[in-house]
Structures are given as C-alpha cells and as structure tokens.
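Subject: The structure we talked about

Hello,

Here is the structure I promised to send over. Please have a look at it first, and then read my notes below.

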Amino acid sequence: MTRARLILIGPPGVGKGTQSALLEERLGVKPLSSGVIFRSEIEADTDLGQLAKSYIDRGELVPNGITIQMMVKRLRSAEVRNRGFVLDGFPRTVRQAEALTEELEHEHIELTGVVSLEVEDEVVVERLSGRIGCTKCGEIYHSAAKPPRREGLCDKCNGPLLVREDDRPETIRARLRVFHENTQPVVDYYAAMGQLLRVDAVQEPERVFAQIVAGLGV
Ligand code: AP5
Ligand code: MG
C-alpha cells in the first residue's frame with residue numbers, strides 16, 4: 001500500500017475531517033487532526049486540555065509552541081511512520097508550517113501533496129450549523145446533508161451524537177476571522193513551494209474526494 005503523506009488545509013467546516021476519513025479508507029493513512037487531539041485532551045481533563053479549551057471555546061488558536069510539540073510527537077510515532085499520514089488542521093500558521101518543513105527535512109520525509117479545500121464563508125456557516133459528531137468514534141454527520149439513521153445515535157457504533165461547543169454562530173465567525181488572518185498565508189506558503197492542489201469543496205463529499213484523488217494521483 002502507498003504510504004502517502006498529505007496535508008489538508010481549509011477553513012473551519014470545509015470538510016477536512018470528512019475527507020480525511022475517506023482518505024484513510026482508501027489509502028490506509030493515519031488521520032492526524034490537531035483539533036481532534038485537543039478535544040480528546042479536553043475530554044480527559046489533562047493540563048493540555050484545560051489550556052487548549054480556553055482558546056478553542058473562543059475560536060482562537062492554541063499557541064504555536066504547544067501545538068507544534070504535540071504534533072511533532074505524533075509524527076514521530078511508529079504507527080504514523082508505517083502508515084503515512086493525512087494532517088487535518090495543522091499547520092495553521094506560517095510558524096507551524098515552517099516547523100513542519102524543518103521536521104520533515106530532518107526526518108528525510110517528502111510530502112505526497114498539500115490540498116487546499118476552498119469554499120465561501122457562507123457555506124461554512126451552513127455546514128457547521130448542522131454538524132453533529134459521534135462522541136465515541138468521531139464519525140461526522142450533518143442534520144440536512146448527512147443525517148444519522150436514528151436521531152442522536154451514531155450509525156457506525158451507536159455512540160451518542162453531540163453538537164460541538166465551538167459551533168455556536170459567534171464562535172464560527174471568530175474561527176473564520178482567524179482562518180483568513182493566520183491560515184490563508186499557509187496556503188500561500190505551500191503555493192510558493194509549488195506543492196499546492198486547489199480543490200473546489202462546494203460539491204458533495206464524494207465529488208470533492210474524487211477531485212483530490214485525481215489531482216494527487218493516489
Ligand atoms: P478543528 O477541529 O481543526 O476545527 P476546524 O478547522 O474549525 O474545522 P472543523 O473540524 O470545524 O471542520 P472540518 O473542515 O473538519 O469539516 P467537517 O468534515 O467536520 O480545530 C478546532 C479548534 O482547535 C480551532 O478553532 C483552534 O482553536 C484549535 N486548533 C486546532 N488546530 C490548531 C492548530 N494547528 N494551531 C492552533 N490551534 C489549533 O465538516 C463540517 C460539516 O459539513 C459536517 O457536518 C459534514 O457532514 C458537512 N460536510 C462536509 N463536507 C461536505 C460537503 N462536501 N457538502 C456538504 N456538507 C459537507
Ligand atoms: Mg474537523
């Protein structure tokens with residue numbers, strides 16, 4: 001199996017988690033979402049979780065130093081080395097992108113591709129307002145676009161479904177502001193390196209996925 005090493009960049013709610021799951025299914029790569037890792041630290045009530053929560057609840061970024069350290073540790077794990085990875089939500093600042101480049105160069109690892117998922121802000125607000133996620137296995141649903149078969153319960157594992165704390169309308173707007181200010185420059189960073197695949201993410205998840213697969217040739 002190909003050991004792909006991918007990055008998905010895009011605004012909140014564009015479908016990074018949805019596409020990571022499809023890429024895992026197809027390529028066997030390990031999804032690494034900084035947001036998912038932070039939420040599991042919050043759930044376990046660790047020191048890192050408590051600190052991250054104070055930023056996440058306001059829609060702000062967790063400081064670079066902590067985030068980089070946390071992600072580099074995961075990238076060095078045996079599972080990620082064996083399976084390859086799809087990064088979702090990291091890097092989110094130019095500082096994080098530079099740190100990732102240094103880490104990959106140091107480990108002699110080359111990226112397979114960097115995908116920028118692109119939609120208008122209004123689409124994001126609509127998607128996030130209807131999102132529900134499984135608290136047990138992480139499966140993502142949408143009340144209109146992808147409803148679960150039984151209300152409040154996960155199709156895959158029967159776990160309880162919940163709306164995320166940071167999906168309140170005012171927090172969604174703050175996250176979008178942060179994206180344009182801090183993460184759009186990361187898209188430019190990879191474009192300048194000649195590594196960027198831009199994908200129109202307005203279509204259905206399966207069509208977005210087909211574009212990613214065709215664009216990357218994976
Ligand atoms: P994170 O968890 O990464 O959140 P995010 O980037 O805001 O993205 P989301 O998870 O909200 O959306 P997504 O793109 O995964 O979309 P999804 O597939 O769920 O980060 C959360 C917070 O943690 C940040 O705000 C920050 O505070 C902190 N953080 C994380 N990483 C950090 C970092 N590197 N540095 C500093 N701080 C960091 O889809 C959304 C909805 O749309 C779902 O309901 C889905 O079913 C639906 N949907 C998906 N695709 C489609 C489609 N094509 N058509 C219709 N509906 C669709
Ligand atoms: Mg996500």
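A word on terms before the notes: a residue is called buried under 20% relative accessible area, exposed over 50% and partly exposed in between, using a 1.4 Å probe and the protein chains only. Please keep in mind that this is a predicted model, in which local features need pLDDT of at least 70 and side-chain atom pairs count only at pLDDT 80 or more, while totals for chains, interfaces and linings use all residues. Residues are numbered from 1 along each chain as its sequence is written, chains are lettered from A and ligands numbered from 1 in the order in which they are written, and side-chain values use heavy atoms, with hydrogens and water left out.

**Backbone**

Asparagine 158 has a positive phi, near 70°, and is a residue other than glycine. Its place is the loop between strand 6 and strand 7 (161–162); helices (H or I, at least four residues) and strands (E, at least two) are DSSP runs numbered from the N terminus. With 46% relative accessibility, asparagine 158 is partly exposed. Aspartate 45, also not a glycine, has a positive phi of about 55°. Aspartate 45 sits in the loop between helix 2 and helix 3 (47–56) and is exposed, at 51%. There is also a cis peptide bond, from phenylalanine 90 to proline 91, and proline 91 lies in the loop between strand 3 (85–88) and helix 6 (94–106).

**Ligand 1**

The shell around ligand 1 has 33 residues, the closest being Thr18, Glu60, Arg92, Arg131 and Arg175; a residue belongs to it if one of its heavy atoms lies within 4 Å. Helix 2 gives the largest share, 4 residues. As for polar contacts (N or O atom pairs within 3.5 Å), a polar side-chain atom of arginine 92 is 2.6 Å from a ligand oxygen. A polar backbone atom of lysine 16 is 2.8 Å from an oxygen of ligand 1, and a backbone N or O atom of valine 62 is 3.0 Å from a ligand nitrogen. The protein buries 95% of the 1,000 Å² that ligand 1 exposes when taken alone, with areas from the Shrake-Rupley method and a 1.4 Å probe.

**Cysteines**

How many disulfides does a search of the whole structure find? The count is 0, a disulfide being a pair of cysteine sulfur atoms within 2.5 Å. For cysteine 134, the nearest cysteine sulfur is that of cysteine 157, 3.6 Å away. Cysteine 134 is buried, at 8%, whereas cysteine 157 is partly exposed, at 22%.

Best wishes

Definitions and conventions:
A polar contact is a pair of N or O atoms within 3.5 Å; within protein, one must be able to donate a hydrogen and the other to accept it, and residues adjacent in sequence count only if both atoms are side-chain atoms.
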